[in-house]
Amino acid sequence: MNPDGRRSARTKLKKCSGANRNYMKYLISILLFCFASLLQAQPMLQNVRGIVKDNITGVGLENVNVILTNDTIRKGTTTDKSGAFLFEKVQLGYYDLHFSSVGYESKLYPRIRVVSSHESYIIAELDVSIEMLEEATIVYSSRKDRPVNPRAMVSSRSFTLEEANKYAGSYGDPARMVINYAGVLPARDNRNDIIIRGNTSNGLLWKIDGIEAPNPNHFGATGSAGGPITIINNNLLITSDFYTGAFPAQYSNAIAGVFDLNMKPGNPDKNNNWAQLGWNGIEIGSEGPLHRENNITYAAACRYSFVDILARFIPNLPEAVRYQDFSVKLNFPNTSMGNFSLLAMGGASNITMSDSEKPQDKWLFENTGEDVDNSYKMGVTGLTHSFLTGANSLITTKISLTGSSVENKIDTLSVDDPTPFLWAHERSDEVRASFSSSLKHRISKRADITTGIIADGFFTSFVDSQYVNNNYVHLINSKNQSFYLFRIYSDISYRIRNDLRTYLGLNMQYFEFTGEKLVEPRFGIRWDISGSHSLSYGSGLHSQMQPKMIYFVISDDNSNKVLTNKNLKFTKSFHNVIGYDYLLNDDMRFKTEIYYQYIYDAPVSLAEPAYSLLNYGAEFYFERMDSLVNKGTGKNYGIEVTLEKFWSKDYYFLITGSLFDSKYTGKDGIERNTAFNGKFALNFLAGYEFQLLSNKRYLNLGINFTYAGGRPYVPYDIESSMQNREVKLLWESAYQVQRENYKRLSFRIGMRQNLKNISIETAVDLQYRSDYTSIYYDRLDLETGDIVRTLSMGFYPMATINISF
């Protein structure tokens with residue numbers, strides 16, 4: 001095989017965000033105008049409403065005490081028979097919401113933002129208490145650091161819309177936001193692929209409203225889990241969870257982590273509309289009631305590339321970058337047949353980069369150039385139905401159809417022949433039809449169980465071609481394939497006392513394509529030693545199928561085309577995590593976790609003994625490596641420390657540090673660094689908000705600094721490459737050399753103005769990266785032996801304006 005052929009359009013695709021820096025001056029000019037002084041308005045008030053539900057059955061809870069409070073205001077109310085509550089005429093600002101009820105554990109929802117443009121709508125879920133109280137009391141020890149899912153004992157946390165919007169350098173992207181968490185690092189600048197505890201970025205599972213989704217990012221590559229720009233609309237999210245290890249049994253077919261994102265159902269009483277211009281494009285959105293009497297709601301938004309619009313008015317732009325996406329959710333609660341919701345989202349992106357339209361000195365190589373055309377599409381649609389069976393049981397069923405498509409085309413040209421010539425082409429299509437159903441049942445106040453089934457049908461087509469020795473050859477040529485994955489899971493959560501919770505789960509998988517059967521036990525326990533100290537432990541076996549394309553790589557065996565990878569088994573990973581949490585006060589916590597992850601049955605190469613699929617994601621291209629066997633192993637272990645001040649009293653900070661080691665063994669049994677073994681990472685994030693005019697105008701400032709170890713890589717064998725006229729890697733030195741340590745500094749300046757029925761938010765992110773460490777990719781010029789290296793930008797401004805009404 002020709003490794004250079006595998007360095008296809010994906011190597012150029014990552015430059016798409018680099019094109020944006022050429023247009024930021026136009027966007028920043030618009031935003032500077034919006035920072036101008038606005039006329040003061042009369043004091044403004046707004047409503048805060050919501051609903052309180054049982055966390056197992058989803059039934060609205062009556063007579064729940066709800067307290068709305070901040071440093072100067074305290075209001076109280078109770079929920080009606082449907083679980084709804086309402087605070088009328090609340091002053092603008094930030095509030096905490098406290099919920100308590102007889103027979104339920106109290107719960108705190110911190111930092112609820114009240115703005116002039118629309119009502120704040122909160123969905124709260126309460127867990128049954130095993131200690132029956134004679135009357136409801138407000139308990140202020142609710143933990144802000146706990147995830148939404150009570151079954152997650154370790155390596156998990158929840159995040160909010162505001163965190164993704166306010167963190168410096170996050171750009172409203174959940175994946176970029178979690179890079180600030182301990183144990184999480186970016187795979188590369190200007191993409192949101194993430195590395196969790198030394199694992200491949202492909203080990204991440206995306207779930208949107210409980211539906212497993214393909215890569216939800218623009219300009220995605222085959223088998224990847226990230227991209228430069230997210231398709232997920234952050235304005236439509238509510239509190240969601242992120243996992244970095246030892247996750248519960250309901251999650252499977254992933255070995256690294258889970259994004260479990262929840263879409264808002266829409267406000268059942270009032271409409272909220274918005275328009276936004278910024279890094280993620282030009283956006284319009286709306287949420288509100290479709291039928292107030294039946295509480296039928298909607299939430300929807302669509303976006304279009306700002307860069308593409310500029311390109312229509314500005315001639316001679318170096319790259320053409322286009323993307324667009326939409327998201328919509330319809331909610332039909334309390335029908336005669338139960339609750340229904342419908343989710344649909346999708347995105348399409350394209351980038352073209354043409355050396356043929358540039359002068360020769362701007363070509364990729366000294367004497368040769370490339371024209372690249374890359375397209376990516378994805379879509380998710382799903383119907384969810386839930387209904388009660390008795391007072392303590394809830395059945396939820398989901399039917400979904402998801403898909404993704406990648407197409408790449410590369411033309412080459414030279415000084416001798418400047419006419420573009422088709423050198424390589426790829427088309428990858430994946431569709432998944434899925435059915436799932438789960439039963440949640442509360443056995444008693446101490447115990448509840450969840451049991452579920454998932455059936456997936458995969459329908460794929462992978463075709464590529466490359467011009468080699470005067471002929472077009474296929475590395476993959478697999479059309480109209482179908483195969484199936486069946487999963488069953490069950491778990492029980494048991495509270496020995498209110499301060500001691502245990503969890504035991506089991507997940508089973510059957511992969512029809514290879515006949516492999518898997519059994520994965522999971523276990524967790526958490527002891528809240530006091531109101532401020534807790535110890536936790538989690539462990540479990542996690543397995544993941546290989547990237548689907550890898551099963552269909554063609555191997556030449558005496559001119560016979562053989563699929564030598566078709567019987568590959570799942571990669572397995574055993575997680576162990578010990579955690580300690582110390583809540584210093586209501587708004588600050590210290591957390592540390594020690595983890596050990598052992599990986600086995602990892603695919604390694606018979607031809608290249610140092611190769612392992614555990615390093616996938618370190619480069620931009622998808623390796624078409626044949627003759628793989630499940631003989632590789634790996635291990636990730638380390639310690640993580642977090643000191644966090646939750647946002648209160650107008651400021652927050654987050655300091656995280658990680659010391660870790662990430663190793664793998666190839667077919668030769670030699671232990672090497674993985675491509676993600678940077679050894680250490682340090683992150684500092686902070687923000688402060690100034691109130692300029694009563695509760696009408698706010699100025700917020702943010703800073704983010706990251707310092708991490710450089711990544712190991714496989715160097716080129718330059719002499720052999722030039723002799724053979726194809727790229728050769730020096731595998732005997734695989735991952736023994738490292739890049740320079742990585743540094744990144746980001747600033748954020750934002751302003752929010754409350755007018756009557758309108759709020760305007762503007763923000764500018766200023767990011768600096770040290771050029772010599774932020775390498776997009778490097779390519780070897782086979783004629784000169786020079787390594788052509790593309791660096792990320794040193795100074796990179798981003799800007800956003802949002803008008804809500």
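Start by selecting Q46: is this residue buried or exposed? Q46 is buried, as its relative accessible area is 11%; buried means under 20%, exposed over 50%, and partly exposed in between, with a 1.4 Å probe and protein chains only. You'll find Q46 in strand β1, residues 45-54 (strands are DSSP runs of E, at least two residues; helices are runs of H or I, at least four; both are numbered from the N terminus). Now show what surrounds Q46: leaving out neighbours within four places in sequence, its contacts include F87, V90, L92, V114 and S117, a contact being heavy atoms within 4.5 Å. Then put a distance on H118, whose backbone oxygen is 3.5 Å from a polar atom of the Q46 side chain.

A word on ground rules before moving on. This is a predicted model, where local features need pLDDT of at least 70 and side-chain atom pairs count only at pLDDT 80 or more, while totals for chains, interfaces and linings use all residues. Numbering runs from 1 along each chain as its sequence is written, and side-chain values use heavy atoms, with hydrogens and water left out.

Zoom out for a moment. The protein has eight helices and 46 strands, and 61% of its 805 residues are buried. Of the contacts between residues at least 6 apart in sequence, 67% join residues at least 24 apart.

Next stop, the inside. Select F511, M545, I550, Y551, W731 and A734: these have the most contacts inside the largest nonpolar core, which has 40 residues. (Such a core is a set of buried Ala, Val, Leu, Ile, Met, Phe, Trp, Tyr and Cys residues joined through side-chain atoms within 4.5 Å.) Strands β25 (447-468), β27 (477-497) and β34 (588-605) each give two or more residues to this core. For a second, separate core, of 39 residues, pick L204, F242, V406 and Y652, which are among its members. Back at F511, look for F483, Y484, L485, E516, M545, Y551 and F570, which F511 touches beyond four places in sequence.

Now the salt bridges, where a side-chain nitrogen of Lys or Arg is within 4 Å of a carboxyl oxygen of Asp or Glu. How many salt bridges are there? The count is 39.

- Select E287 and K264, whose side chains pair up at 3.2 Å, N to O. E287 is in strand β18 (residues 281-291) and K264 in the loop between β16 (257-263) and β17 (272-278), 23 residues apart. E287 is buried at 8% relative accessibility, and K264 is buried at 15%.
- Go to K548 and E430, a salt bridge of 3.4 Å, N to O. These two are 118 residues apart: K548 in the loop between β30 (533-544) and β31 (555-557), E430 in strand β24 (residues 421-442). K548 is buried, at 17%.
- E520 has a relative accessible area of 0% and R522 one of 2%, so both count as buried.
- Finish with E105, D127, R495 and R501, which a network of salt bridges links.

Why does I453 count as partly exposed? Because its relative accessibility is 41%.

Note on methods. Polar contact = N/O pair within 3.5 Å; in protein donor to acceptor, adjacent residues only side chain to side chain.
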